[in-house]
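Please examine the sequence together with the model shown below.

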Amino acid sequence: MAATELTSVVTGIRLTLHVLAATIWVGGQYVMVGLLPTARSLGSDAAKRLAGAFGRLSWPAFWVLIATGIWNVIAVQGHKPSAAWSAVLGIKMVLVALAGLGAFLHGRATTKRGLAIWGSVAGLGSTAALILGVFLVG
Ligand code: HEM
């Protein structure tokens, strides 16, 4: 039976950056929802200001996800991806685009309905992209 080996340093850096950015982009959205009731009790504009502060962290994390995601695709090309792997990557790309669009429109929404719809698109799209990402590692 072959021994389980450590991953290389370069792969470790690539996946650490990708996962760290995912924790901020995806995990941050859940934390924001959890903090919302408390934020609302602190004043009428507290939730909005908190959302603005989160955006200054989450958007850089999103661009790190795109950049390290491209790095991931280049890095795994040598291993001849299967048709199923490529299909899952394609679905993941659609979800990433939906998540980004949802977050962008959530930031511009002015009605409660718009905030809820686009916030859900961002949260669900991001979570689904994260799950498919785990399956891509194989
Ligand atoms: C919302 C954005 C994204 C999230 C939340 C996300 C999340 C993840 C997660 C959690 C993993 C598994 C890492 C591991 O278990 O070590 C992963 C892997 C991967 N992601 Fe992403 N990702 C995102 C965007 C992207 C983009 C834009 C691309 C391509 C341009 C991409 C390509 C990949 C690839 C190819 C892997 C497999 C890497 C490997 O096997 O070494 N991801 N992603």
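A residue is called buried if 20 or more other C-beta atoms lie within 10 Å of its own, exposed if 12 or fewer do, and partly exposed in between, with C-beta atoms placed from the backbone. The model is a predicted one, in which local features need pLDDT of at least 70, side-chain atom pairs count only at pLDDT 80 or more, and totals for chains, interfaces and linings use all residues. Residues are numbered from 1 along each chain as its sequence is written.

L65 belongs to helix α2; helices here are DSSP runs of H or I with at least four residues, strands are runs of E with at least two, and both are numbered from the N terminus. Apart from neighbours within four places in sequence, L65 is in contact with H18, A21, A22 and W25, where contact means that two C-beta atoms, placed from the backbone, lie within 7 Å. By contrast, A2 lies 63 residues from L65 along the chain, and the C-alpha atoms of the two are separated by 33 Å.

The overall architecture can now be described. The protein has 4 helices and 0 strands, in the order α-α-α-α from the N terminus. Its C-alpha trace spans about 60 × 25 × 25 Å along the principal axes. Of the 138 residues, 18% count as buried. Among contacts between residues at least 6 apart in sequence, 70% join residues at least 24 apart.

Helix α1 has 33 residues, which at 1.5 Å a residue should span 48 Å; its end C-alpha atoms are 46 Å apart, in agreement with that value. The expected span is taken as 1.5 Å times one less than the number of residues. Where does α1 bend? The bend, of about 45°, is at L35, and a proline, P37, follows within four residues. Such a bend is the angle between axes fitted to the seven residues ending at a position and the seven starting there. The buried residues of α1 are A21, A22, W25, V26 and Q29, and their cover includes α2 and α4. After α1 comes G43, whose phi is positive, near 150°.

Helix α2, with 31 residues, reaches 44 Å from its first C-alpha to its last, close to the 45 Å expected. A kink of about 30° is centred on G55. S58, F62, L65, T68, G69 and N72 are buried in α2, and the buried residues of this helix pack against α1 and α3.

The loop between α2 and α3 holds both K80 and P81. K80 is exposed, because 7 other C-beta atoms lie within 10 Å. The phi of K80 is positive, about 50°, although the residue is not a glycine. P81 is partly exposed, because 16 other C-beta atoms lie within 10 Å. Leaving aside neighbours within four places in sequence, P81 is in contact with V76 and S86. P81 and L136 are 55 residues apart in sequence, with 9.7 Å between their C-alpha atoms.

Which residues touch the most other members of the largest nonpolar core? They are A22, W25, L65, A99 and A129, in a core of 13 residues. The elements that give two or more residues to this core are α1, α2, α3 and α4. A nonpolar core is a set of buried Ala, Val, Leu, Ile, Met, Phe, Trp, Tyr and Cys residues joined through C-beta atoms within 7 Å.

Around the ligand there are 24 residues, of which A22, G69, N72, G133 and L136 come nearest; a residue counts as near if its C-beta atom, placed from the backbone, lies within 6 Å of the molecule. Two or more residues of this shell come from each of α1 (9-41), α2 (46-76), α3 (83-108) and α4 (112-137). The largest share, 8 residues, comes from α2. The shell divides into 19 nonpolar, 5 polar and no charged residues. In this division Ala, Val, Leu, Ile, Met, Phe, Trp, Tyr, Cys and Pro count as nonpolar, Asp, Glu, Lys and Arg as charged, and the others, Gly among them, as polar.
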